[in-house]
Amino acid sequence: VSSMAAILVGLPVSILGAYALTRMHFRGKAMLKFMLLATLVIPVFATIVPLFQIFSAFNMSDNFFGLTLVYVSSYMPLTIWILCSFFETLPHELEEAAEIDGCKPFATLVRIILPVSYPVIFAAALIVFVSTWNQFLIPLILAPSISTKPIAVVISEFTTKNLTNYGLMNAGGIIAIIPPVIVAMLFRRFLIYGLTSGATKG
């Protein structure tokens, strides 16, 4: 649930942010892009304790909303950076022609930019889905109950001090890899194209 919610909430915001950072001119844009890039190198271990304290103070622990909020904020910089790399390769003539036809910036994004960007958008969505699906430390701390913890955390609980239930661990592992494998097989060509499309310009 949190994985899909992170895509549905974070991806539209990332698209708007990436388009603004690549096509609009405003003060502080370079600093904002640098700050987004800097957040990618912050390890999760450095943020888990402050997050737990904030969630406890606002009574946000152990619910899908809080977990989704963490996922969206964690993977939005990476998604924006991927989309920015692709948007920068698109010729400005596309938007100039749309502007001549009377399109506003948002209409240009929806009618012109998004139709040619769907492979990169699928790639970004796939990365977010697989990354959030495989999360362990964050839900272990912020989602302790059985109703909110993901399958990766549930599998770890099959090992106790006195017993390791290898049968349940193997069954849980097989179940856990099925959704990412299916998604990756269906959209693998979008992933390859999306990650390489922004590598060169021209």
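**Pocket, cavity and helix packing**

Helix H4 contributes the most to the lining of the largest pocket, giving six residues to it. The structure described here is a predicted model, and this pocket has a volume of about 400 Å³. Its lining is made up of 16 residues, and those that lie nearest the centre of the pocket are Thr-39, Ile-42, Val-44, Thr-47 and Ser-74. Two or more lining residues come from each of helix H4 (64-87) and helix H7 (137-142). By class, the lining of the largest pocket consists of 11 nonpolar and five polar residues, with no charged residue among them.

Rolling a probe the size of a water molecule over the atoms shows where empty space is left. The count comes to one cavity of 30 Å³ or more, and the largest cavity has a volume of about 70 Å³. The residues that line this cavity are Ala-6, Ile-7, Gly-10, Leu-11, Ser-14, Tyr-71, Val-72, Tyr-75, Met-76, Thr-79, Ala-125 and Val-128. Helix H1 (2-23), H4 and helix H6 (105-133) are the elements that each supply two or more residues to the lining of the largest cavity. This lining divides into nine nonpolar and three polar residues, and no charged residue takes part in it.

Helix H4, which gives residues to the linings of both the largest pocket and the largest cavity, also packs against another helix, H2 (residues 29-39), at an angle of about 125°, the two axes lying 8 Å apart. Since angles over 145 degrees count as roughly antiparallel and 65 to 115 as roughly perpendicular, H2 and H4 are therefore oblique to each other. The crossing in which H2 passes H4 is left-handed. On the H2 side the contact is formed by Lys-33, Leu-36, Leu-37 and Thr-39, which meet Pro-77, Ile-80 and Trp-81 in H4. Sorted by class, the residues of this contact are five nonpolar, one polar and one charged.

A further packing involves H6, which also contributes to the lining of the largest cavity. H6 packs with helix H9 (residues 166-186) at an angle of about 170°, with 11 Å between their axes. Because angles over 145 degrees count as roughly antiparallel, this description applies to H6 and H9. In this contact, Leu-126, Phe-129, Val-130 and Trp-133 of H6 meet Ala-176, Pro-179, Pro-180, Val-183 and Ala-184 of H9. The contact of H6 with H9 comprises nine nonpolar residues, with no polar and no charged ones.

Notes
Residues numbered from 1 in each chain as written. Predicted model: local features only at pLDDT ≥ 70, side-chain atom pairs only at ≥ 80, totals over all residues. Heavy atoms only, no water. 1 Å grid on protein atoms, 1.4 Å probe; cavity = no way out; pocket = protein on both sides within 12 Å on 5 of 7 lines; lining within 4 Å. Points joined across faces, edges and corners; volume = space filled by probe spheres on them. Helix = DSSP H or I, 4+ residues; strand = E, 2+ residues; numbered from the N terminus. Nonpolar A, V, L, I, M, F, W, Y, C, P; charged D, E, K, R; others polar. Axes fitted to C-alpha atoms, helices over the stretch in contact; angles between N-to-C directions. Parallel < 35°, antiparallel > 145°, perpendicular 65-115°, else oblique. Left-handed = near helix turned anticlockwise from the far one by under 90°. Contact = heavy atoms within 4.5 Å.
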